[in-house]
Amino acid sequence: MKSAMMLGRYQPFHKGHIELFKKALEKTGHVTIMVRDCFDENNPFDYKQVKDCIEESLSDYHGKFMVMQVPNITNICYGRGVGYKIEEVVLPEEIQKISATKIRAKMREDGKLK
């Protein structure tokens, strides 16, 4: 099976991530969403919370994605002719402006996050 890959913290998984997912899905028909293991005070949601949020947000795409926890990957290194591309997907400006940091701050303000 071919799969596109998304790698991130997803703290929380938001509209921008969903739009990126849709673009990635167009590439291969399947997306592997890798959640970096970097949970701390700035990344307050644990893996289960992140996974549950992703699965709920993408419930219309059942069978077209998988979510997995990976180490806190900080570098992606490759040699020549490895059989995949590293590609930046440029989303519309209003989507690029979405900030998970601001979303978390609002959640704290609303008492939904400590």
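User: By way of definition, strands are DSSP runs of type E with at least two residues, numbered from the N terminus. In which strand is the place of Val-70?

Analyst: This is a predicted model. Val-70 has its place in strand β3.

User: Is Val-70 buried or exposed?

Analyst: A residue counts as buried under 20% relative accessible area and as exposed over 50%. The relative accessibility of Val-70 is 9%, so Val-70 is buried.

User: With which residues is Val-70 in contact, leaving aside its neighbours within four places in sequence?

Analyst: Contact requires heavy atoms within 4.5 Å. With neighbours within four places in sequence set aside, the contacts of Val-70 are Leu-7, Met-34, Val-35, Arg-36 and Asp-37.

User: How far apart in space are Val-70 and Lys-22?

Analyst: In sequence, 48 residues separate Val-70 and Lys-22. Their separation in space, taken C-alpha to C-alpha, is 22 Å.

User: Where do the buried residues of helix α2 lie, seen down its axis?

Analyst: Helix α2 covers residues 47-57, and Tyr-47, Val-50 and Ile-54 are buried in it. Viewed down the axis of α2, these buried residues fall within an arc of 70°, so they line one face of the helix. An α-helix has 3.6 residues a turn, so residues three or four places apart point the same way. The buried residues of α2 therefore lie on one face, within an arc of 70°.

User: Which strands are included in what covers the buried residues of α2, and which residues are exposed on the other side?

Analyst: On the other side of α2, the exposed residues are Lys-48 and Glu-56. The cover of the buried residues of α2 includes the strands β2 (31-36) and β3 (65-70).

User: Is His-17 buried or exposed, and with which residues is His-17 in contact beyond its neighbours within four places in sequence?

Analyst: His-17 has its place in helix α1, residues 15-28. Its relative accessible area is 14%, so His-17 is buried. Apart from neighbours within four places in sequence, His-17 is in contact with Met-6, Tyr-10 and Pro-12.

User: What radius of gyration does the protein have, and how does this value stand against that of a compact globule?

Analyst: The C-alpha trace spans about 50 × 30 × 30 Å along its principal axes. For 114 residues, a compact globule would have a radius of gyration near 13 Å. The value for the protein agrees with this, at 15 Å.

Conventions. Residues numbered from 1 in each chain as written. Predicted model: local features only at pLDDT ≥ 70, side-chain atom pairs only at ≥ 80, totals over all residues. Heavy atoms only, no water. Rg over C-alpha atoms; globule rule 2.2 N^0.38 Å. Helix = DSSP H or I, 4+ residues; strand = E, 2+ residues; numbered from the N terminus. Buried < 20%, exposed > 50% of the residue type's maximum accessible area, 1.4 Å probe, protein only. Arc of directions from axis to C-beta.
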